[in-house]
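Let's walk through a structure together, step by step. Keep the picture open beside you as you read.

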Amino acid sequence: DVAGGATITLTNVDITGSGQLGVNAHGVAGLTLQGSSIANAGNGTDESGLRLDDATGAVVIDTTTVSGSADRNALVQSSSGALNLTVSGSTFSNTSATTGGDGFDLRAGGDADLTATLTGPTFTQNRLDGFSFDLSGAATVNLTLDGATVQSNNLGVNMTLAGSGALDFAITNSSFSNETSSPINVFTSDTDTPAVTGAIDDNTI
């Protein structure tokens, strides 16, 4: 559990069976998680393998596996400041069959300025969404999901868009299979609509 303006680097770390959260960071000024494994974190709701609240600077998640979490495998929330999130070659799978949530839950609100680039991730067998994105407030977001493998979740990619902010997104070169509900869902509020530009291109569904 890390709080404050520190910059954190975790390399080749294995965390298994933590009582609540695997990695929990608040307000850090950059984080790198590389070549690591977080398995079976928590035993109830709101207990995730990886949770980052209001990080700023550069956050890198590289060749890391997060699996079997009680709720979400990964939750990244940004409500202020600038965050550059890069996820590459990482797997988020098998949230709990009874209490589990999303494989990767990304949220931007307030006046956050978020650039998120996910390259070659795998989202499989999560009880709710493989990848979930929520936009609210006046947040400005540039989101790229490229080369993803999305399989056997409830929803593959689920985007909920509201507020007065802006989103530019691309979902490209990804494969979707065996989702219980829909492979891709984009929902925009009828009454509170952000400026949205997006492309869903060259995917296999």
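Before going on, a word on where the values come from. This is a predicted model, in which local features need pLDDT of at least 70 and side-chain atom pairs count only at pLDDT 80 or more, while totals for chains, interfaces and linings use all residues. Residues are numbered from 1 along each chain as its sequence is written, and side-chain values use heavy atoms, with hydrogens and water left out.

Now for the overall build. How many helices and strands does the chain have? There are zero helices and 23 strands. Both are DSSP runs numbered from the N terminus, with helices being H or I of at least four residues and strands being E of at least two. The chain's radius of gyration is 16 Å, close to the 17 Å that the globule rule gives for 205 residues, so the chain is as compact as a globular protein of that length. That radius is taken over C-alpha atoms, and the globule rule is 2.2 Å times the number of residues to the power 0.38. Along its principal axes, the C-alpha trace spans about 40 × 40 × 25 Å.

What about inside and outside? Buried residues account for 46% of the 205 in the chain. Buried means under 20% relative accessible area, exposed means over 50%, and partly exposed is in between (1.4 Å probe, protein chains only). The chain exposes about 8100 Å², with carbon and sulfur atoms supplying 45% of that. These areas come from the Shrake-Rupley method with a 1.4 Å probe, and for residues only the protein chains shown count as cover. Then there are the contacts, meaning heavy atoms within 4.5 Å. Take those between residues at least 6 apart in sequence: 79% of them join residues at least 24 apart.

Next comes strand β19, residues 155-161, which is mostly covered, with six of its seven residues buried. Look for V157 in β19: F131 stands opposite V157, and V157 stands opposite I184 in β22.

**A few residues up close**

V196 sits in strand β23, residues 195-201. V196 is partly exposed, at 38% relative accessible area. Setting aside residues up to four places away in sequence, V196 touches L161, L167 and F169. The C-alpha atoms of V196 and L161 are 8.6 Å apart, although 35 residues separate the two along the chain.

Now find S174, in the loop between β20 (166-172) and β21 (175-177). Is S174 buried or exposed? At 2% relative accessibility, S174 counts as buried. Beyond its neighbours within four places in sequence, its contacts include L145, D146 and D202.

T7 is in a loop as well, between β1 (2-3) and β2 (8-11). With 59% relative accessibility, T7 counts as exposed. T7 touches A29 and G30, not counting residues up to four places away in sequence.

Finish with two loop residues whose backbone angle is worth a look. T63, between β8 (57-62) and β9 (65-67), has a positive phi of about 40 degrees although it is not a glycine. S152 lies in the loop between β18 (149-151) and β19, and its phi is near 60 degrees, a positive value in a residue other than glycine. T63 is partly exposed at 45% relative accessible area, and S152 counts as partly exposed at 27%.

Notes. Two strands pair if DSSP finds at least two bridges between them.
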